[in-house]
Amino acid sequence: MSPGRQQIEISKRALLQRLDRKLRKQGKKLGTRNGLHFIASEKWVEPLNQGLESLARELGVLRPWEKVA
């Protein structure tokens, strides 16, 4: 991102919705229990070892000009 360009803030709730929609297409589900996030499928549950923002960028649901509020 070039200097002088402003980033748009999105809420954490919006980020969770975007992630959940993307994961649902892959047959997975994003969950939260006791403040910890995990990804679940029919056969396994995997704790999320990276931040939500980095996962969102990796999956392409958070654009370079967006940031989490």
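Contact means heavy atoms within 4.5 Å; buried means under 20% relative accessible area (1.4 Å probe, protein chains only). The model is predicted: local features need pLDDT of at least 70, side-chain atom pairs count only at pLDDT 80 or more, and totals for chains, interfaces and linings use all residues. Residues are numbered from 1 along each chain, and side-chain values use heavy atoms, without hydrogens and water.

**View 1. The buried face of α2.** Helices (H or I, at least four residues) and strands (E, at least two) are DSSP runs, numbered from the N terminus. Leu 52, Leu 55, Ala 56 and Leu 59 are the buried residues of α2. They lie on the same side of α2 because their arc, taken from the directions from the helix axis to the C-beta atoms, is only 100 degrees. These buried residues pack against α1 and β3. Gly 60 follows α2 with a positive phi, near 85 degrees.

**View 2. Contacts of Leu 52.** Beyond its neighbours within four places in sequence, Leu 52 is in contact with Lys 12, Leu 15, Leu 16, Leu 19 and His 37.

**View 3. The open sheet.** Three strands run in the order β2-β3-β4, with antiparallel pairing (at least two DSSP bridges between two strands). β2 (29-33) and β4 (45-47) are the edge strands, each pairing on one side only.

**View 4. The β3-β4 pair and α1.** β3 (residues 36-40) joins β4 through three antiparallel bridges. Phe 38 stands opposite Pro 47 in β4. α1 packs on the sheet and touches β2 and β3. The direction of α1 makes about 135 degrees with that of β2.

How values were computed. Axes fitted to C-alpha atoms, helices over the stretch in contact; angles between N-to-C directions. Buried < 20%, exposed > 50% of the residue type's maximum accessible area, 1.4 Å probe, protein only.
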